[in-house]
Amino acid sequence: MSDPIAEAPSTQTVEAVVRQHLADALGGRRGMVEAAVPTVLFTVVFLTTRDLKLALVISLAAALLALAVRVVQRSSVQFAVNALLGIGIGALFAARAAKGGGTADEQALAYFLPGLLYNAGYAVVLAFSNIVRWPVVGFMVGSVTGDPTGWRSDRQIVKLCSLLTWVLVAPCILRVVVQAPIYLAATNGLMDTGLAVGILGGCKLVMGWPLQIASLAAMAWLLSRNATPLEEQPA
């Protein structure tokens with residue numbers, strides 16, 4: 001079994017080890033931009049034109065362009081594919097609403113449901129991983145080192161990964177707390193559907209990558225402290 005700590009002899013702290021491997025797992029700045037741009041384009045185009053089809057086409061084109069560049073450069077397509085999946089799932093929910101006779105606003109409202117379900121599920125899974133002391137961030141580190149559970153041998157890494165996982169959970173919980181009541185109010189006739197779509201679109205823009213970047217900034221600050229020494233490894 002490989003030892004991630006032993007493979008990084010120049011690393012002196014837990015924070016430096018996790019920072020290095022987490023940056024690789026998140027895809028760096030380019031991966032985050034590839035995931036964010038299609039979502040931003042969809043929200044801006046729909047809010048300014050109220051044309052769901054146009055918003056889907058433009059966001060899909062952006063994701064396909066990112067994918068094509070990756071293929072030409074023969075680099076990882078993971079984050080471009082993730083963006084395509086997000087657009088595709090949202091479009092399927094919108095199509096399902098259309099098949100049920102929903103109006104254009106109701107179809108646009110349905111587009112936001114996968115995001116709500118994703119955030120709720122993501123928050124539950126990440127919180128549960130911390131409760132049972134197998135934080136998800138630890139597996140992100142393990143996926144890069146090639147040893148999925150090697151990080152468990154250092155209690156300081158487990159503690160730091162748990163803290164980082166809570167930082168990842170916070171934006172998901174905040175999105176659900178703010179957006180779910182709006183969605184439910186619109187679907188139950190307590191709020192105008194068009195108004196709800198506008199608010200949810202704004203929330204998706206403001207609480208999407210800006211909130212995610214704030215979360216990552218908090219993680220970067222935690223990882224920049226370089227304050228936790230590595231535990232001694234057996235010879």
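Modeller: A residue is buried when its relative accessible area is under 20%, exposed when over 50%, and partly exposed in between (1.4 Å probe, protein chains only). This is a predicted model, where local features need pLDDT of at least 70, side-chain atom pairs count only at pLDDT 80 or more, and totals for chains, interfaces and linings use all residues. Residues are numbered from 1 along each chain as its sequence is written, and side-chain values use heavy atoms, leaving out hydrogens and water.

Biologist: Is Cys172 buried or exposed?

Modeller: Cys172 is buried, because its relative accessible area is 2%. Cys161 is also buried, at 0%.

Biologist: How many disulfides are there?

Modeller: A disulfide is a pair of cysteine sulfur atoms within 2.5 Å. The count by that rule is zero.

Biologist: Which residues does Thr165 touch?

Modeller: Contact means heavy atoms within 4.5 Å. Leaving aside residues up to four places away in sequence, Thr165 touches Leu126, Ser129, Asn130, Pro135, Val136 and Val137. Thr165 has 0% relative accessibility, so it counts as buried. A polar atom of its side chain lies 3.3 Å from the backbone nitrogen of Val137.

Biologist: How should I read the crossing of α5 and α9?

Modeller: Helices are DSSP runs (H or I, at least four residues), numbered from the N terminus. Axes are lines fitted to C-alpha atoms over the stretch in contact, with angles from 0 to 180 degrees between N-to-C directions. Here the axes of α5 (residues 104–111) and α9 (residues 193–206) come within 9 Å and cross at roughly 35 degrees. The residues of this contact comprise six nonpolar, two polar and three charged.

Notes
A polar contact is a pair of N or O atoms within 3.5 Å; within protein, one must be able to donate a hydrogen and the other to accept it, and residues adjacent in sequence count only if both atoms are side-chain atoms. Helices (H or I, at least four residues) and strands (E, at least two) are DSSP runs, numbered from the N terminus. Ala, Val, Leu, Ile, Met, Phe, Trp, Tyr, Cys and Pro count as nonpolar, Asp, Glu, Lys and Arg as charged, and the others, Gly among them, as polar.
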